[in-house]
Amino acid sequence: MSDLQHPNSRSFELVADVYERARPEYPPEAVAWLAEKLGLAEGRSVLDLGAGTGKLTRALVPTGARVIAVEPGERMLAELRRAVPGVEARLGAAEAIPLPDESVDAITVGQAFHWFRHDEAVPELHRVLSSGGSIALIWNSRDQERPLQRDFSELIRPLLPPDRPPVGHSVKALEESELFGPVERRTFPFLQELDADGLVDRMASVSFVAAAAPDARAELERGLREIVAAEGGSVEFAYVTEVYVSRAA
């Protein structure tokens, strides 16, 4: 387990294979909008920071841009290298990006920005961006407007750590920084169809669930399987993909 990781995010290393198997990729329309905003194309370069198992990395490759993936978790990085062979992949953290100054035209961060230590990471993001470069933050967030998602949230609530970083609030670190300009936001809804095994894996890929005691995980699994059985053997796992884009000042 890498010392580069945020202490509260290290439990992802326990479930790197499950994360790769169970987590969805990003809606094509969200990636297309992000790519247009960042100007991704042949001759351009993009850093996918906190790249995990490469869920976003693999979607950036077809843009033609040079893609560099940086991830602090050694097991997550190993999954990325298997899933996206040929992409330049490096071990590194947002607070100490292993790239020279002004070396990339754009940065993407998928599902990870809220784990960064923002007072250290935001200046690092700005440092490696070329003049006028842009950053995009993207999350597949569970759609809490859906009754089933609220049921899932009730099941995992007892496992929630008190210091879990809020996703939405973390964007303020970018909005309030003098190093970046205004933040533009777009949302894209989508569904993931899951059977009981798929739902159990999906929830097991959540960091604080992975870190929970075995009896608590077993109880959660029972509850999830009961919901799927009541729904006829599969559920629509609803998301809202949130994308935030800002240009370096």
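Here is a short chat about a few residues in this predicted model.

Trainee: Which phi value does glutamate 102 have?
Mentor: Its phi is positive, about 50 degrees, even though glutamate 102 isn't a glycine. Most residues other than glycine have a negative phi.

Trainee: OK, and where does glutamate 102 sit?
Mentor: In the loop that runs between strand E3 (88–91) and strand E4 (104–110).

Trainee: Is glutamate 102 buried or exposed there?
Mentor: Exposed, because its relative accessible area is 55% and the cut-off for exposed is over 50%.

Trainee: What about the phi of glutamine 111?
Mentor: That one is positive too, near 65 degrees, and again the residue is not a glycine. Glutamine 111 lies in the loop between E4 and helix H5 (118–128).

Trainee: So why does glutamine 111 count as buried?
Mentor: Because its relative accessibility is 14%, and buried means under 20%.

Trainee: Switching topic: which strand holds serine 45?
Mentor: Strand E1, which covers residues 45–49. Serine 45 is buried, with a relative accessibility of 9%.

Trainee: Which residues does serine 45 touch?
Mentor: Leaving out residues up to four places away in sequence, serine 45 touches Arg66, Ser103, Val104, Asp105 and Ala106.

Trainee: Last one, helix H9. What caps its N-terminal end?
Mentor: Aspartate 195 does: one of its side-chain oxygens is 3.3 Å from the backbone nitrogen of aspartate 197.

Trainee: And which residues in H9 are buried?
Mentor: H9 spans residues 196–204, and the buried ones are Ala196, Gly198, Leu199, Val200, Arg202 and Met203.

Methods: Residues numbered from 1 in each chain as written. Predicted model: local features only at pLDDT ≥ 70, side-chain atom pairs only at ≥ 80, totals over all residues. Heavy atoms only, no water. Helix = DSSP H or I, 4+ residues; strand = E, 2+ residues; numbered from the N terminus. Buried < 20%, exposed > 50% of the residue type's maximum accessible area, 1.4 Å probe, protein only. Contact = heavy atoms within 4.5 Å. Polar contact = N/O pair within 3.5 Å; in protein donor to acceptor, adjacent residues only side chain to side chain.
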